[in-house]
Amino acid sequence: MIGQTAPTDEKMVVLGHHYTDGVTRRAIGGGLMVKEDAPKSKSTVTRDYIEKQTPGLNPMQLIALLPGVNATDSDPMGLTGGHTSVRGMNESSMGYTLEGFPLNDIGSYAVYPQEIVDSENLSSIQVAQGSADLDSPTVSASGGVVNMFMIDPKEKMGGRADFTYGSFNTVRGFARFDTGLMGNSGTRAYFSFSDTHEDEWRGPGNESKIHGEMKVVKEWGKDNRVSFVVVGNQLDNYGTPTTTMASWNKYGIGVMGGPVSGSPPNTVYNSIYTGNTSANTNYYKLHPNPFTNIYISAPSRFNLGHNMTLTETPYFWYGFGNGGGAYWENMNSMSYGSQTMSGTIGGKNYGNTLLYNPSITRTYRPGAVTKWTWTSGINRLMIGYWFEYSYQRQTAPYSLIAADGSPESEWGTGDNLILANGQVAQYRDTLTRTIINTPFIGDSISLFHNRLTIDAGLKYSIITRDGRNYLPDTSTGRVIDQTYREALPTMAFRYKVDNKNQLFFSVATNYRVPMNSSLYDSGAYYAGSGYSNHAATGLNPEISISEEFGWRYQGKLINTSVTYFHYNFTNRLFSQTITDPNNPSDYYSTSINGGGETTNGVDFEIGTRPIYNIRPYFSAEYIDARTDSNLAASASGVDALLPTKGKFAPQTPRYQFGFGLDYDNGGIFGNFSLKYVAKQYSTFMDDQNIPAYVRMNIGVGYRFKSWGLFKSPTIKLNLSNITNNHYLNYASGVESNANYATAMNGQSVKGYAPTYTIASPFSAIFSMSSGF
């Protein structure tokens, strides 16, 4: 809110540190809690916790113990990404920022945590479970926001180096150089580089990441500061398939040479190229995921005098990559919309053959958040504006596969499939320009010597999607022009009962506009029903109204927080499979508004400062999330309403518990963590679910005394999933029903199998590091 640290504020306030790694040994709960003063729920992870985990973990893995957070991964180092839900809202309904600029994909709102920041340069991660701040640059935060802040360059020249080795041939190196203050300019900078490699743990192939970061800070006068941040990432890995419950029950994590076609689906891609057979579609080299990202930002603050401050956060977001795949195609009868014609690659027709078909996305995304703040006595007024223009080109051309079964080009470049009319054959072919204009205004007043603060604000979001679909014979035509407008008011109160106790209450409105993919037809074309993926241009934004009421106790030894929360969602957005009633063998997927949802719950966390060098932490959540509407479903020619009203919401565990225990005497240190997640439904009819699971991790290490050039050299061993528990951790493909269900009119509606991701297994990672 207005009076608190916000994502575009130039610097997150953190504790001073005693070691080159940023550890203080004083942070509450081992670095899993801070002394919070916001008038709404917020939880923060600091360097005391981040530094003691496996080097290079992605931010989603680092917030797993916080209240309301259900974070998952599919490999020990987090190089394949992961998923996060907070109070039942997944990452596409959460806003993610780094140093004040947005990280969610502008089209799908997906977050790729393995691309964001190296953990050694991460100062803190702040999770606002209920609502985004007024100046949060996000269009998807119907369920809250995650803000990340990088460390500042040191004022003294030096640096740091890490080396990591462990399970699955994991090898990682990291190095950072701090320039220190450069002359009398008040300027300092650091430059870092990391290189990570890891084998796939349940199939062939490997993952690699090359990552670079720099941050330059210049400070002068009274409260003037300009910083410049560049993050670059090159990721190469192979996709790991999801699984169905039938396949999981039969095959578990999967075996090499296991099922490669048919039903149930494969849980690992095939390691052997078997020649001219349909098994080639599961050959792992046909499922690469190369991606390049560059983030540039310059969060800055200027003291204008007369108690006025200008905060400016310009940014530029670039991404280019694809997710690979392959399909059998008959080059003698290719579809161009409703037309059928032949095609050639390099002038040759290969008949019925397997072709590589990557889904390619290129994004250019400049923007800026401008904020003017004026403080006068007990009052603080803020006025700001967020503007962004994005250009996103998404294609899926067909190209040849080499003799060894791999793509001739994993980027889909080179010779593509050319139809007889001269057009390049595409599975999808769209251009989306998204223009965001969001003015905001907020006011904060402090009364009774700052015992009571009252914050109120309003932002008005205008989002325009200007789209072009270059496929022919689409249901909506080639030109798409969609504009969404929404007023988003907020209000919050915080009252300090005394120096240790405070109460807070907040109410906020958030929203998420439909994904850009919902605007376009794409996929295969079927006579009579059109494309397999149907556009849904009439969707309304997903709206959430959240209320929170909480109590915090902040003593010298113990800090605790209890928050009751209530949400009302309207126009919930999700995708659904629809069967053509005139031709039951044809079906398509589309996005729909699934009605409303009501959520009630309680979050709790408690942590201590050191007790004989021990700092425990505990978090818990109870949530009751219910679907408010009956859901339309269609299968095998049946269209009907399913009785989903009152059912428990999918992807939402009713209970979660997190426990952390930290010991640090300055030399020896160790930590233990445990996370319990209750079962999660994967359908709106609650007829299939992920069973509850427990995950435990252990870390131990030792800091040596500084010696010559080496400052606090440290060795560390991190053991993850110490019981080697094999379990499903996320419902990646939610369906209306998994089994046959009886509709409101008595008809029987066929179900579709939800899909799931598989959690990473036991791993042991050894690392050594030193400052210099």
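Modeller: Partly exposed means a relative accessible area between the buried limit, under 20%, and the exposed limit, over 50%. Keep in mind that this is a predicted model.

Colleague: Where is Asp223 found?

Modeller: In the loop between strand S12 (206-220) and strand S13 (224-236). Phi of Asp223 is positive, near 65°, and the residue is not a glycine.

Colleague: Switching to sheets. What is the strand order in the open sheet of 5 strands?

Modeller: S1-S7-S8-S5-S6, with mixed pairing. S1 and strand S6 (101-102) are the edge strands, each pairing on one side only.

Colleague: How does S1 run against S7, parallel or antiparallel?

Modeller: Antiparallel, with 4 bridges joining S1 to strand S7 (residues 122-128). Thr46 has Ser124 as its bridge partner in S7.

Colleague: Which way do the S1 residues point?

Modeller: Ser43 and Val45 point one way from strand S1 (residues 43-46), Thr44 and Thr46 the other. All are buried.

Colleague: In what sense do S5 and S8 pair?

Modeller: Parallel, over 4 bridges, between strand S5 (residues 95-98) and strand S8 (residues 145-150). Gly95 has Val145 as its bridge partner in S8.

How values were computed. Residues are numbered from 1 along each chain as its sequence is written. This is a predicted model: local features need pLDDT of at least 70, side-chain atom pairs count only at pLDDT 80 or more; totals for chains, interfaces and linings use all residues. Side-chain values use heavy atoms; hydrogens and water are left out. Helices (H or I, at least four residues) and strands (E, at least two) are DSSP runs, numbered from the N terminus. Buried means under 20% relative accessible area, exposed over 50%, partly exposed in between (1.4 Å probe, protein chains only). Two strands pair if DSSP finds at least two bridges between them.
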